[in-house]
Amino acid sequence: MVVRKLRLDGFRNYTDFTACFSDRVNIIIGNNAQGKTNLIEAIWFLTQGRSFRARNDREMIGFERNDAVIYADVTTQGRDQTMEARLLRASRRQFFVNGVKLKTAAELSGKLRAVLFCPDDLNLVRDGAAVRRRLMDACLCQLRPRYAAILAEFNRLLEHKTRILKDYKIKPSLLDTLDDFDARLAALGAELIHYRSAFSSRLSEKASAIHFDFSGGVEKLTITYRTVKTVTDVTEKPEELLKQLLAHQREHRRAELESGMCLSGAHKDDLEIHINGQAARCYASQGQARTAALSIKLAERDIHFHDSGEHPILLLDDVLSELDRSRQQYVLNHIHDGQVFITCCEDARIGLETGGRLLHIAGGELIGS
């Protein structure tokens, strides 16, 4: 998969910006706050209609602008295609592939695949469960179009249920709808767990092999998927998972009504990471935690490749500057294939021995390449 050309207009600090890229390594240099990460964000947004740092679309629209456009010429599965996202202040965002309007962002799934690695991902092991859920969701939304649609509906219904739990004391009639929401959330949750279980098994297998090599054969990394306690076997079929999720909901109904929060469901899932049998979140050193995070992200890239036969685009957003030299070299030695975008400051340039392009960004403009 390759992004051959990108045009941005009104996106963040970019106005009428166009750049062409190498199908190998693209190094984007420049001082801080010039737009390097914005460029990475635009490419990532086309993979699933989500930003990795903005809370809403309005944050991505430039000041004094009412709209923003991301337009890309891409090559996937040997076909040249166009992709476009339009962000609007006054109405809903719009997506187009080859000029055809998509109904939802979920339809972007699989059209363009990318793996993002940014400094926050180095905290993947030690941060809360939400970070690891986002990793699963981001990858699965690209791998499985159905997953993206299920997740979107699940999140929408979860938001509705949360409002019911917060407002029912003022409007008791809202409780009449709670059983229906629970039933549908459990059904959707069962499918999410089914997908996540299979994904986590593949992730553990591939990350373990990479981590073993990275640590010189002295550390064993394992990843275990965890969901609500009534689910005793995450590999069960969705029909069985549904029964167990409904049981968990019943157990927590009173607590949810008292707290006003959704305490039962797949939105609580996590990945437990262990190194040599010890919980990495509690006992791993900073170096071990970073090595584990690197192994997981490189494993994510391998999963994409084995699923589609193409390497996903790799987006390294200022992450190499956060790593010591040995870890930098390990990453660089494992990204020879596929298209790569690397952002860094001018004093942290990385050689282009493999052939590629250097782009100098300043004030949202391309000033040299």
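Predicted model: local features only at pLDDT ≥ 70, side-chain atom pairs only at ≥ 80, totals over all residues.
1. Salt bridges overall. The model contains 24 salt bridges.

2. Glu-41 and Arg-12. These two side chains form a salt bridge, with 2.8 Å between the closest N and O atoms. The pair connects distant parts of the chain, 29 residues apart: Glu-41 sits in helix H1 (residues 36-48), whereas Arg-12 belongs to the loop between strand S1 (2-9) and strand S2 (17-20). Glu-41 has 0% relative accessibility and so counts as buried; Arg-12, with a relative accessible area of 22%, is partly exposed.

3. Asp-179 and Arg-253. Here too a salt bridge is found, its closest N and O atoms lying 2.8 Å apart. Because Asp-179 is in helix H4 (residues 178-214) and Arg-253 in helix H5 (residues 238-259), the bridge ties together parts of the chain that are 74 residues apart in sequence. Arg-253 is partly exposed, at 23% relative accessible area. Both residues also belong to a network of salt bridges that links Lys-161, Asp-179, Asp-182, Arg-253 and Glu-256.

4. Glu-240 and Lys-243. This salt bridge has its closest N and O atoms 3.3 Å apart. The two residues are separated by about one helical turn, because they are 3 residues apart in helix H5. Glu-240 is partly exposed, with 31% relative accessibility.

5. Asp-317. Which side chain of opposite charge is nearest to Asp-317, a buried residue without a salt bridge? The nearest is Arg-53, at 6.4 Å. Asp-317 is part of strand S12 (residues 313-317). Its side chain makes polar contacts with the side chains of two threonines: Thr-37 at 2.9 Å and Thr-343 at 2.8 Å. Beyond four places in sequence, the residues in contact with Asp-317 are these two threonines together with Ile-40, Phe-52, Phe-117, Cys-118 and Pro-119.

6. Strand S4 (residues 67-76) pairs with strand S5 (residues 79-88) in the antiparallel sense, over 10 bridges. Within this pairing, Val-74 faces Gln-81 of S5. The two strands make a hairpin with 2 residues between them, and Gln-77 in the turn has a positive phi of about 50°. S5 also runs antiparallel to strand S6 (residues 94-97), to which 4 bridges join it. The bridge partner of Glu-84 in S6 is Phe-96. S5 and S6 likewise form a hairpin, with 5 residues between them.

7. In soluble globular proteins, nonpolar side chains tend to be buried together. The largest nonpolar core in this model has 74 residues, of which Phe-199, Leu-203, Ile-296 and Leu-316 touch the most other members. Helix H4 gives the most to this core, 14 residues. Leaving out residues up to four places away in sequence, Leu-203 touches Leu-135, Ser-208, Ile-223, Leu-271, Ile-296, Ala-299, Glu-300 and Ile-303.

Terms used. Residues numbered from 1 in each chain as written. Heavy atoms only, no water. Salt bridge = Lys/Arg side-chain N within 4 Å of Asp/Glu carboxyl O. Buried < 20%, exposed > 50% of the residue type's maximum accessible area, 1.4 Å probe, protein only. Lys, Arg positive; Asp, Glu negative; His and termini not counted. Polar contact = N/O pair within 3.5 Å; in protein donor to acceptor, adjacent residues only side chain to side chain. Contact = heavy atoms within 4.5 Å. Pairing = 2+ DSSP bridges. Core = buried A, V, L, I, M, F, W, Y, C linked by side-chain atoms within 4.5 Å.
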